[in-house]
Structure formats: C-alpha cells, structure tokens
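Work through the two exercises below with the model open. Each has a task and a stepwise solution.

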Amino acid sequence: MPERTLNVWRGDASGGAFTPYRLQAAEGMTVLDALHRVQAGEAPDLAVRWNCKAGKCGSCSAEVNGRPALLCMTRLSSLPESATVAPLKAFPVIRDLVTDVSFNYRKAAEVGAFAPRDATMGAPLYQEDVDRLREFHNCIECFLCQDVCHVIRDHEEHKPRYSGPRFFVRLAALEMHPRDAGDRVAFAEQNAGLGRCNVTKCCSEVCPEGIRITDNAIIPLKERAADRYRDPLARLLGLFSNSRKDA
Amino acid sequence: MAAHWLERECDVLVIGAGAAGLRAAIAAAGQGARVAVACKSLLGKAATVLERAVPAADEELEGWGALPLATRGEKVGLETLRTLQHRAVSLGIEVHMECAIQRLFASRGRVAGALGVRRADGALVRFRAGAVVLAAGGAARLWQRDIAAADATGDAFALALDAGAELADMDLETGGVRVDPATGATTVPGLHSAGDAAAGKHALLEVLLLARRAGEHAAAYARSHPRALLSVERIERAVTELLRPFGMENGESPYALLLDLQDCMQNREGLAGLKQRAKRLAAAGPRAWNPAWLLALELRSLLVAAEATMSAAVQREASLETRRA
C-alpha cells in the first residue's frame, strides 16, 4: 500500500497551520478513514465532524485540495500522494476541521414553515410536481454550496441579507409545491438576496446529491422575480389579477 | 478549579433530534410547553436519514410539506427528518445543537434535569426541566465499525439508569428503556422515552405516533408537577467526573478502548477488564471540540449498554435452562 501525506489544517479562531500526517493508505480508504486513523494515533484531539460515513448526512464537509467535499466520500486514491485538508472557508473556524455553520441555521429559521391554506391543501399533487420537487428534497444540508458561493465566501458585508444556494433550493421547493401558499418569490427577492447571485453555477458543481441548483432552483426563481418586479407590463396586469400566491 | 457550568431552563427537555425526538418536541410544544431539544450533532444529521423502510403514507407529514412518502424510496428517512426539522424550527423550539447530554438527574424518585457538554467550547450545561423525553437512539456503535451512525452510543440507556429507570430485553434487537407504550412513560415519574431508545421495535410511523404520545405526556407531567430540586453538590460531583479525562496521566486511549469493546461484543469476554481500563480514560488538548474527550464520555454509555446486553443474555439463557430442567 502506498504511503501518503495528508496536510491537515490544525488551529482555532486565533490562527493555525497545516500539519503533515504520513500514513499507509489501505484499499478503498477515504479521507475521513485516514483522519480517524490519525486520531487513533498521533493526534487524538484532531477535531472533525462526522456521522453516517455514507454520504447521507452531510456532516463531514471540508475542503480537500482546495475543493469543497464530503470527507467520507473522497477516496485517497482519487488524490495525489500529498493532499491538503482544510475547514470550510466560508464559515468561522471552531477548531481544526470543524466550523461554525450556525449562519445556515439562522437563514433556515428565516424561511419559515411550509404554509398551506385550507384552499391549497386540497390542491392536487401530480406526479410531475413530485418529480420536480424530489430533487430539491434530496438536499443533505452539507453546505458545500454555501461554502463555494462567492457571495458568502468573499462578501461578509452581504451575509445579513443573503441566504445562499441551499436556501434558494428550499425556497424553490416551497414555491413550486402546489399546496404552499407562502409568497416565496417575494422572500427570495427581498429577504434572501436572490439578485446577488450571478449564476456562476459553482454551487451546482459541488453538490454531492447532483442537485441542479442553478438551473432548476435559482433561475426559475429569478424568472418569476423578474416577471413580477421588473416587467412593467406584468406589473400593470398584476394590478387587475390575483395569482394563486397573492390570493 | 471550582466547578462551573451554564444554566438552562425548560418545561420539557428532549434528548435527541431524530424522528422520535423531534416528533416528541413538536407534540410537547403543541401542548404549550416550553421545549428544549439537546442533540449531539448538528440538527438534521440524525440516524433517521438512513431509514429506508417506506411507509405507505403519512397525512401529518404531508400536511407539514413532505412529499408522499411512498414516492421517496431510500430517501424516506431524509424526507421525514427534514420535514420534522422544518416544523420544529418554525414552531420556535429551542435546539441546543452539538450539546451531548452526559448525566440525567433524579431527585426523590422524580426526574430533575440533565447535564451536558457543549461541543463547540467544551462548556458544561445544566438543564432544569420539569420532564424529560429520552430519544437518544440505540447503541449501534457497539457492533458497527464501518457504516455507522456516530451518535448511536447507547446514551439513552446510561442516562435512564442514572435516573433509576429500567431497561428491558437489552439482549434483543427490541431492547431499550422500559416504557408504557400508551404514554412513553418510563418507570421514573417525569421521564419518558421514544424511538430506538425505548424498548419495542417499531416501524417509522409507529415511532412517530409513540413519540407524539411521549411528548404530550411529558408536557402534561411538567405542567402538573412542581420542579424537582437538586443539590448543587450533585451537579459539582458530576462536573468533576466529566472533566476527569483531562487530568489523567499515562491513561487509556478512548479510540483503542472502543476497538477492544467492539471485539468484546463479538467474543463475549473481557468486559470486566474494559470497565477497569475505562476508569483511566485520558484526553489531552483543549476542551473545545475535543473528539478524544467526547469519545471518552461516550464510552461510559457504550459500556453500560454492553453490560446490560450481556447480562440480559446470560439471564435469558439461565431462565431457559430452568424451564428446560
């Protein structure tokens, strides 16, 4: 088995550095397996989140060779002999590979609940609705899309009024659910900062569930927002008609 | 160093945030109780995401925004967990993420709160609570080395015994905290249990139904009984115990002890030696997000679960022998 070096960022909010750990890679070993071996050996206090080890829970998010990834789904064999493992850059470090992702839970609380009304609860949910929504509901909340989104990553000043791709997916899921009566387009536009996204598709590229975040969630939301807020004819017509969402 | 901890207060403390814990929390909040949920991981990461047995339908979950469960295949656990998570958050239920409850207190035979470790900074947090719902899952980690839910370390069993509650059928897959299925009540007043933590093997929709009852009854208990009082000395003693691994010189590695315990579950021998070694578990480094310390604390629960499992098996064999004789 080949010998490998993992350069793991160790430190806390006050600073840190990469520490090299050498180990023999076993067949099929993932980066998370390797980190567990390091914990059992020379660095028992190496901090890393993990739960299911199966790519289903989205706990072990980090950056491997600069790319956002789930540690339990990244095999050492897919990496060069020497690789770096660093915490998510978009969120404050707690310790080593563990970051403070509470930003995402605050944004989740702002979105609010699924909001049916008596009138909408009886609305049919056709197979095509389910087919469209299923993808959005597959999100494992690993926050890799949030990490790679340049608005969150590079613009601290926008964070109070920008929710990020994970929540555009959630808002799209609610907007396209025939039984939800909340005004999700207004929220996306006015509270979640939808306009700040400039559709570079980085979020879609890193999604471990393959959710087409930009094409299927963000762009449809942007189209609906544009129709409502930026199309003068639609605005005029809107004065005389009530759409389902406004009823 | 004087023992120091943070204080939190609620009517109902729910320990665990999988399907059972969240459903219980929603039910208790629906009764007007002030609910706090404490879970070891981030919200939405519970072992429920691995659930694959697909129920036909659940009107309640669909009313809260879930897609029809029958359309969700192997994602049915995720669909259930996420729906309950959104519901709980929208109700304003207080969630203490990454707060690992380590001790459950009873006073004069009634439940009197809990003590946990906040992973982020290693702070100790004492919860005063009128009632508690134990929904901390099972002890799968005793058996599983590879694909495993990290959090399933048998905490519910150790916590139940702390408070004086009974366990049942621990040698069987259905084993857990003994409860009255009509109310989720354990043998200790004010303490309820649901989900994998509770005795009785249930499919997903039954788990939700029983957890709802546990949450409602916990809220009713908290409303109709004065809070049990607890002496400061007992909290101080627990705090000292929890911090012991930091002072241990030339102690045992928690990682090595876990591997040996998993072997022991296969061979069925050597548990007494492991319990001795567990007294000398060591953790170096800071208290903030220290996985060696957290595992050392979890090993108490794992050892309790191991011992309960093995002694239940021995008793069952003896009882079968007696009947055969």
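This is a predicted model: local features need pLDDT of at least 70, side-chain atom pairs count only at pLDDT 80 or more; totals for chains, interfaces and linings use all residues.

**Exercise 1. Which domains does the assignment of chain B give, and which elements of domain 1 touch domain 2?**

Step 1. Residues are numbered from 1 along each chain as its sequence is written, and chains are lettered from A and ligands numbered from 1 in the order written.

Step 2. Over C-alpha atoms, the centres of the two domains of chain B are 22 Å apart.

Step 3. Count the contact (C-beta atoms, placed from the backbone, within 7 Å). Domain 1 of chain B gives 28 residues and domain 2 of chain B gives 27 residues.

Step 4. On the domain 1 side, strands S4 (99-107), S5 (110-118) and S6 (123-134) and helix H4 (155-163) of chain B each give two or more residues. Elements are DSSP runs numbered from the N terminus: helices are H or I, at least four residues; strands are E, at least two.

**Exercise 2. At what angle do H8(B) and H9(B) cross, and which residues meet?**

Step 1. The axes (lines fitted to C-alpha atoms over the stretch in contact, angles 0 to 180 degrees between N-to-C directions) of H8 (271-278) and H9 (291-324) of chain B come within 11 Å and cross at roughly 160 degrees.

Step 2. H8(B) is therefore roughly antiparallel to H9(B) (over 145 degrees).

Step 3. Leu271(B), Leu274(B), Lys275(B) and Ala278(B) of H8(B) meet Leu299(B), Leu303(B), Ala306(B), Glu307(B) and Met310(B) of H9(B).

Key. Domain bounds come from an automatic or database domain assignment. Two residues are in contact if their C-beta atoms, placed from the backbone, lie within 7 Å. Angles under 35 degrees count as roughly parallel, over 145 as roughly antiparallel, 65 to 115 as roughly perpendicular and the rest as oblique.
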